[in-house]
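Please look over the model shown here before reading on.

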Amino acid sequence: GRVVITGADAGVGLELARLFSQHPKVRMLLGCRQAPKLSQKLLEKASAGEEPYCFPRAFCLTLELLDFESTQSFAKEAHKFLAESNRPGLRLLINNAGIKITERDTKGQPPPRTKYGLSETWQTNFLSPFLITELIAKLRENAGPGVLN
């Protein structure tokens with residue numbers, strides 16, 4: 001099946017990608033803030049002999065959730081990725097990416113805003129994942145629950 005994971009360049013998203021990569025029938029689309037950096041990180045780990053981080057059936061794509069244009073572009077590329085092969089469709093969407101901005105981070109200043117005038121936390125953690133889900137949800141296979149936020 002096909003799996004889409006956002007925030008796959010570190011932490012939980014990277015570990016989920018590692019786990020899914022161990023299943024030979026799974027192909028992944030990994031949404032990363034900096035896809036080239038993830039690709040380089042994976043190559044370095046593989047060359048260091050860390051086999052579990054070699055993702056032969058994964059495609060890394062830049063996804064900046066602070067930018068709705070990037071989010072829409074990611075969804076368009078997801079459509080292409082999910083339409084490939086004789087069994088198109090999406091088995092699982094994992095909206096893992098997120099940020100947390102505290103008062104300590106802003107040193108008493110108002111929280112940062114996106115170019116759309118929205119709170120960075122609101123857009124990254126809620127609005128952009130909702131947009132991704134809406135834009136690619138119709139590609140979900142009839143396989144029961146398949147969106148994890």
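Helices (H or I, at least four residues) and strands (E, at least two) are DSSP runs, numbered from the N terminus. By that rule, Thr-114 lies in the loop that joins helix H4 (103–106) to helix H5 (120–136). This is a predicted model, in which local features need pLDDT of at least 70, side-chain atom pairs count only at pLDDT 80 or more, and totals for chains, interfaces and linings use all residues. Residues are numbered from 1 along each chain as its sequence is written, and side-chain values use heavy atoms, with hydrogens and water left out.

The chain has 5 helices and 5 strands, and from the N terminus on their order is β-α-β-α-β-α-β-α-α-β. Of its 149 residues, 40% count as buried, where buried means under 20% relative accessible area, exposed over 50%, and partly exposed in between (1.4 Å probe, protein chains only).

A nonpolar core is a set of buried Ala, Val, Leu, Ile, Met, Phe, Trp, Tyr and Cys residues joined through side-chain atoms within 4.5 Å. The largest one has 16 residues, and Val-3, Ile-5, Phe-20, Met-28 and Leu-30 have the most contacts inside it. Two or more residues of this core come from each of strand E1 (2–6), helix H1 (11–21), strand E2 (27–32), helix H2 (35–47) and strand E4 (92–94). A second, separate core of 14 residues includes Leu-29, Leu-82, Leu-93 and Ile-132.

The cysteines can be checked for disulfides, pairs of cysteine sulfur atoms within 2.5 Å. A search of the whole structure finds 0 of them. Cys-32 is in no disulfide, and the nearest cysteine sulfur, that of Cys-60, is 5.0 Å away. Cys-32 is buried, because its relative accessible area is 1%.

Leaving out residues up to four places away in sequence, Thr-114 touches Leu-66, Ser-119, Glu-120 and Gln-123, a contact being heavy atoms within 4.5 Å. Thr-114 and Asp-67 are 47 residues apart along the chain, and their C-alpha atoms are separated by 7.5 Å. Among contacts in the chain between residues at least 6 apart in sequence, 74% join residues at least 24 apart.
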